[in-house]
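Hi,

Here is the structure I said I would pass on. Have a look at it first, and my notes follow below.

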Amino acid sequence: MDSQGFREAAATAIDEIAGYYDNLDDRHVVSTVEPGYLRKLLPSEAPIEGEAWTDIQKDIEGKILPGITHWQHPGFHAFFPCATSFPSILGELYSAALSGACFNWICSPAVTELETIVLDWLAKIFGLPECYLSTGPTRGGGVIQGSASEAVLTAMVAARDKYLRETVPLEQFPEDSEVREDAIAHKRSKMVALATTATHSSTKKAAIILGVRFHTIAVHADTGYSLTGPVLAKTLAELRARGLEPFFMTATMGTTDTCAVDDFAGIVSTLKSDPVHPAGTPGELWVHIDAAYAGSALVLPSVREQVSISLIENFHSFDMNMHKWLLTNFDASCLYVRDRNWLIQALTINQAVYGNKASEGGLVTDYREWQIPLGRRFRSLKIWFVLRSYGVKGLQSYISRTLKLGEEFADSLKSRPDLFEILTGPNFALTVFRLAGKEQGKSEEELNALTKAVCEKINASGRMWVTSTVLEGKFAIRMVTSVSTTQKEHVDRAWKILVEAAEDVVKAKNQSVG
């Protein structure tokens with residue numbers, strides 16, 4: 001394909017993509033294909049001769065789209081959204097055209113410098129403390145990771161390295177000696193990472209990858225499924241009594257199940273008064289804030305005040321995904337650290353081939369030292385396009401609109417107490433609910449079965465998709481209203497489908513009993 005062929009192919013592809021969005025609501029939300037469907041449609045080997053673009057393109061609709069679950073569909077109310085927008089798509093197009101590994105500043109100066117600038121823009125938009133800015137007093141800053149899971153793993157690597165430096169007397173051992181390695185290995189065997197029962201599973205996976213212990217702190221409905229200071233203090237004391245050494249914890253702004261926010265003020269108070277390693281002293285507990293989804297709502301001053309975002313100056317790292325709720329396509333996970341040296345000391349591996357005057361002179365940022373992979377894409381370009389296209393006011397308007405949709409849906413649930421019981425929310429456009437019936441004497445098992453039946457019935461409609469969770473033994477439906485294409489008419493439609501399904505399930509149950 002030459003440049004003229006590319007012009008023609010790109011024109012037809014963009015027209016098809018625009019048409020896809022124009023008619024997205026006509027499609028079923030979830031793919032209905034059977035496992036292995038695509039192998040039956042494609043040849044067993046790659047073509048020997050190249051094919052015409054027109055033949056390739058027609059297979060998108062005929063063979064690929066049937067196997068796509070449409071995350072941008074206005075009836076997508078499952079999980080959390082995986083956002084995109086036309087400016088973001090254009091950013092990806094340019095990024096692909098300017099393809100490079102870009103691990104050092106010299107590999108493409110604009111790639112590094114734009115990333116630093118737009119992440120500082122974002123930090124200011126979110127109201128993050130100055131310590132997370134690249135120009136801040138602690139030499140902090142941001143870096144784009146592939147996902148929140150990658151971000152928590154990266155933060156845990158830095159936390160592990162920091163804890164070992166601060167608690168193992170390395171100066172007592174000869175460099176590269178076996179006794180030195182034994183001392184480090186012994187310390188690692190005692191180190192434990194913490195998370196709650198509501199924390200995303202990525203923290204546990206990171207601990208498994210790093211070969212450190214993992215401990216789960218139980219959280220319950222009486223605290224809104226959030227971690228409190230007293231519970232943390234009790235956990236630290238119990239672990240230390242067993243000879244273990246807590247070194248890392250993920251606290252959350254917007255948990256996966258319910259969008260709960262951990263008690264930042266209580267955590268700060270507990271760690272400042274910690275009797276063993278008070279905050280700010282060697283061996284302190286590294287606190288990572290996972291705001292993967294709900295962090296986008298920090299564009300609103302009211303949310304910043306609600307969650308007391310200024311308190312994270314007491315923590316070590318913060319991460320949010322623009323690709324969840326802020327109109328930027330995957331992958332765009334924005335990880336901030338209070339001190340970049342924590343990452344650089346843990347992740348820098350030099351080879352002669354990487355050498356250049358700018359890096360060796362300490363004049364530039366080399367993001368290869370802030371991440372686990374070496375190479376990296378030009379991901380800041382799409383963020384730049386989105387921020388410039390929408391502006392802060394446009395982003396605030398979008399987040400506010402989707403929050404309002406969540407509140408209106410919750411109001412609808414409250415209007416039918418005979419049918420539904422809200423368990424949590426609305427929190428950040430997420431409401432968690434189940435079928436009502438406790439007052440009518442239905443057991444938890446019966447309510448779980450009824451709610452599960454309703455969940456399956458509405459998903460079978462093809463017009464909407466929700467996902468479920470289990471809260472302290474209660475099967476519940478999660479309803480999210482934050483997909484960019486979702487409007488009031490779509491939430492109203494979802495409500496109608498939900499009510500009809502619930503009434504049908506309850507009626508069938510009553511008839512079977514009668």
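**What I found**

W325 sits in helix α12, which covers residues 322-325 (helices are DSSP runs of H or I with at least four residues, strands are E runs of at least two, and both are numbered from the N terminus). Before I go on, this is a predicted model, so to speak of local features I need pLDDT of at least 70, side-chain atom pairs count only at pLDDT 80 or more, and totals for chains, interfaces and linings use all residues. Numbering runs from 1 along each chain as its sequence is written, and side-chain values use heavy atoms, with hydrogens and water left out.

Back to W325: its relative accessible area is 0%, so W325 is buried (buried is under 20% relative accessible area, exposed over 50%, partly exposed in between, with a 1.4 Å probe and protein chains only). Its side chain makes a polar contact with the side chain of T402, at 3.2 Å. By polar contact I mean a pair of N or O atoms within 3.5 Å; within protein, one must be able to donate a hydrogen and the other to accept it, and residues adjacent in sequence count only if both atoms are side-chain atoms. T467 is 142 residues from W325 along the chain, and their C-alpha atoms are 17 Å apart.

Then there is H77, in the loop between α3 (53-64) and α4. H77 counts as buried because its relative accessibility is 0%. Its side chain reaches the backbone oxygen of V480 at 2.8 Å. Leaving out residues up to four places away in sequence, H77 touches, among others, M464, W465, R478 and H490 (contact means heavy atoms within 4.5 Å).

On to the nonpolar cores (sets of buried Ala, Val, Leu, Ile, Met, Phe, Trp, Tyr and Cys residues joined through side-chain atoms within 4.5 Å). The largest has 76 residues, and L122, F318 and F428 have the most contacts inside it. Helix α15 (residues 380-414) gives the most to this core, namely nine residues. Another core lies apart from it, with 30 residues including A158, A206 and L347. As for F318, its contacts beyond four places in sequence include L128, Y132, H288 and Y336.

Finally, L93 is in helix α4. L93 counts as partly exposed because its relative accessibility is 43%.

What do you make of it?
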